[in-house]
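Please have the sequence and the model open as you read.

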Amino acid sequence: MSGKFLFIAMLLFAAGIVAASIYTIGGPTYARQEKHDFDLLTDMTVLSSRLKCRTADVVLPQKLVEAELLNYCGGGGHILRPERRRVKDTEITYNRINDSEFELCATFFDTQRADLIRNGGSVFDTKTGCLSGTIR
């Protein structure tokens, strides 16, 4: 009887450890969301870097469409193709503020976490999920 009790106690202890681990570091859903946010921010960062053009007389395109980007600052329209993006199920919205300033916005699972994992020169607003940048 005591052997059976010990076995059950060890199983409950192990189950508690697994449950505490999942609670602390997140489960598979959390991991998928974290990867989604990381990949989405990577897509936005790549797109932002393609928009940053150092040529003096260039202005931002009116719309972020492949035809306009192919002629913009040496090309780069291919980055809009779905097979080039890491995240295909989330839209990235382009807002042209003026000739040299832009925003790229998207819906994240957790913008605070996305801000922690990002790298690179554009400004990321955790309240709006927008990456702001300038071309010069």
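Let us begin with aspartate 39, which lies in helix α2, spanning residues 28–51. Helices (H or I, at least four residues) and strands (E, at least two) are DSSP runs here, numbered from the N terminus. The model is a predicted one, so local features need pLDDT of at least 70 and side-chain atom pairs count only at pLDDT 80 or more, while totals for chains, interfaces and linings use all residues. Residues are numbered from 1 along each chain as its sequence is written, and side-chain values use heavy atoms, with hydrogens and water left out.

Is aspartate 39 buried or exposed? Its relative accessible area is 8%, so aspartate 39 is buried; the term means under 20% relative accessible area, with exposed over 50% and partly exposed in between (1.4 Å probe, protein chains only). The aspartate 39 side chain makes a polar contact with the side chain of lysine 35 at 2.6 Å. A polar contact is a pair of N or O atoms within 3.5 Å; within protein, one must be able to donate a hydrogen and the other to accept it, and residues adjacent in sequence count only if both atoms are side-chain atoms. An α-helix has 3.6 residues a turn, so residues three or four places apart point the same way. Once neighbours within four places in sequence are left aside, aspartate 39 is in contact (heavy atoms within 4.5 Å) with Arg86 and Val87.

Helix α2 itself has 24 residues and reaches 35 Å from its first C-alpha to its last, close to the 34 Å expected at 1.5 Å a residue. That expected span is 1.5 Å times one less than the number of residues. Buried residues of α2 include His36, Asp37, Leu40 and Met44.

**The nonpolar core**

Which residues touch the most other members of the largest nonpolar core? In this core of 22 residues, they are Met44, Leu51, Tyr72, Leu104 and Phe108. Helix α2 and strand β2 (101–105) each supply at least two residues of this core, and the largest share, five residues, comes from α2. A nonpolar core is a set of buried Ala, Val, Leu, Ile, Met, Phe, Trp, Tyr and Cys residues joined through side-chain atoms within 4.5 Å.

Leucine 51 touches, among others, Leu60, Leu64, Tyr72, Phe102, Leu104 and Ile135, not counting residues up to four places away in sequence. Leucine 131, in strand β4 (residues 130–134), is buried with a relative accessible area of 3%. The C-alpha atoms of leucine 131 and methionine 44 are separated by 7.4 Å, although the two residues are 87 apart along the chain.

**Strands and their partners**

Strand β1 (residues 93–96) pairs with β2 in the antiparallel sense over four bridges, and a hairpin of four residues joins β1 to β2. Strands β2 and β4 also pair in the antiparallel sense, over five bridges. Two strands pair if DSSP finds at least two bridges between them. Some bridge partners are set out below.

| Residue | Bridge partner | Strand of partner |
|---|---|---|
| Arginine 96 | Phenylalanine 102 | β2 |
| Tyrosine 94 | Leucine 104 | β2 |
| Cysteine 105 | Cysteine 130 | β4 |

**The disulfide**

A disulfide joins cysteine 105 to cysteine 130, with an S to S distance of 1.9 Å. The criterion is a pair of cysteine sulfur atoms within 2.5 Å, and by this rule the count comes to one disulfide. The pair links distant parts of the chain, with cysteine 105 in strand β2 and cysteine 130 in strand β4, 25 residues apart. The link is right-handed, with 110° about the S-S bond. Cysteine 105 is buried, with a relative accessible area of 11%, and cysteine 130 counts as buried at 6%.

Threonine 128 is found in the loop between β3 (123–125) and β4. At 44% relative accessibility, threonine 128 counts as partly exposed. The threonine 128 side chain reaches the backbone nitrogen of cysteine 130 at 3.3 Å. Threonine 128 and cysteine 105 are 7.4 Å apart in space, C-alpha to C-alpha, and 23 residues apart in sequence.

**The whole chain**

Stepping back, the chain holds four helices and four strands, in the order α-α-α-β-β-α-β-β along the sequence. Of its 136 residues, 31% count as buried. Among contacts between residues at least 6 apart in sequence, 60% join residues at least 24 apart.
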